[in-house]
Amino acid sequence: MEPTISRRVTVSADPGTVWSWVTDLPRMGELSPENVGGRWLGGGGPALGARFRGRNRNGELQWWTRVRVVAFEPDRRFAFDVRTPLGSRVSRWEYVLAPAAEGCVVTENWYRIGSWVVRKFMGPRVTGRADRPGYNVESIEHTLAALKARAAERAAA
């Protein structure tokens, strides 16, 4: 399956460090312009099959999602599927990390896998975003810039 949107950036941190940041979903709100965090369910943390309840915000609109980790390769790949509270598939998010001379290359992928009903009606009504792919380009670029800035701050400390 090819991602609907894919962007990458080189950051000045090793893959293990960046891995710890992108798998810390409760703190994803520090990096993302829309996600404000959430909590792991069942008392666990990031692992293959782990479940998470994500919280999101767009202005006054707030909503939550059901998340399940579908790929978990430490220091290399982390992916999770997002579903509506009713269980309808919405999307898959993926982070792929590769070592680089300057630290690591982080690729963020978004896969649009929701049904037509979710894309055309439920999604825009719940999130206030009629152009989800257009917004997600900006969102991914924001998140990757935040990762790069975090790595630069850490390197300067």
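Author: Start with the pocket. On a 1 Å grid over the protein atoms alone, a pocket is an open set of points with protein on both sides within 12 Å along at least five of seven lines, and a lining residue has an atom within 4 Å of a point. Here the largest pocket has 39 lining residues. Asn56, Trp63, Thr65, Val82 and Val90 lie nearest its centre.

Author: A note on the source. This is a predicted model, where local features need pLDDT of at least 70, side-chain atom pairs count only at pLDDT 80 or more, and totals for chains, interfaces and linings use all residues. Residues are numbered from 1 along each chain as its sequence is written, and side-chain values use heavy atoms, with hydrogens and water left out.

Reader: Which elements give two or more residues to the lining of the largest pocket?

Author: Elements are DSSP runs, numbered from the N terminus: helices (H or I) have at least four residues, strands (E) at least two. Strands E3 (51-58), E4 (61-73), E5 (77-83), E6 (89-100) and E7 (103-112) do so, along with helices H2 (116-127) and H3 (132-156). H2 gives the most, with seven residues.

Reader: What is the volume of the largest pocket?

Author: A volume is the space filled by probe spheres set on the points, with grid points joined across faces, edges and corners. For the largest pocket it is about 740 Å³. The second largest pocket holds about 160 Å³.

Reader: How do the linings divide into nonpolar, polar and charged?

Author: Ala, Val, Leu, Ile, Met, Phe, Trp, Tyr, Cys and Pro count as nonpolar, Asp, Glu, Lys and Arg as charged, and the others, Gly among them, as polar. The largest pocket's lining has 19 nonpolar, 13 polar and seven charged residues. The second largest pocket's lining has three nonpolar, no polar and six charged. Its residues include Arg51, Arg53, Arg66, Arg68, Asp81 and Arg83. E3, E4 and E5 each supply at least two of its lining residues.

Reader: How many bridges join E4 to E5?

Author: Two strands pair if DSSP finds at least two bridges between them. E4 and E5 run antiparallel and are joined by seven bridges. Phe72 stands opposite Phe78 in E5, and Arg66 stands opposite Arg83 in E5. Three residues lie between the two strands of this hairpin, and Asp75 in the turn has a positive phi of about 65°.

Author: Now the strands on either side in numbering. E3 pairs with E4 in the antiparallel sense over eight bridges. Their hairpin has two residues between the strands, with Gly59 at a positive phi near 60°. E5 and E6 also run antiparallel, with seven bridges. There Asp81 stands opposite Arg92 in E6.

Reader: Why is E5 largely enclosed by the rest of the structure?

Author: Buried means under 20% relative accessible area, with a 1.4 Å probe and protein chains only. Five of the seven residues of E5 are buried, so the strand is largely enclosed.

Reader: Which residues of the largest nonpolar core touch the most other members?

Author: In soluble globular proteins, nonpolar side chains tend to be buried together. A nonpolar core is a set of buried Ala, Val, Leu, Ile, Met, Phe, Trp, Tyr and Cys residues joined through side-chain atoms within 4.5 Å. The largest one has 30 residues, of which Val18, Leu25, Phe78, Phe80 and Val106 touch the most other members. H3 gives the most to this core, with five residues.

Author: Take Val106. Contact means heavy atoms within 4.5 Å. Leaving aside neighbours within four places in sequence, the contacts of Val106 include Val9, Val18, Tyr95, Leu144 and Leu147.

Note on methods: On a 1 Å grid over the protein atoms alone, a cavity is a set of points where a 1.4 Å probe fits but cannot get out, and a pocket is an open set with protein on both sides within 12 Å along at least five of seven lines; lining residues have an atom within 4 Å of a point. Buried means under 20% relative accessible area, exposed over 50%, partly exposed in between (1.4 Å probe, protein chains only).
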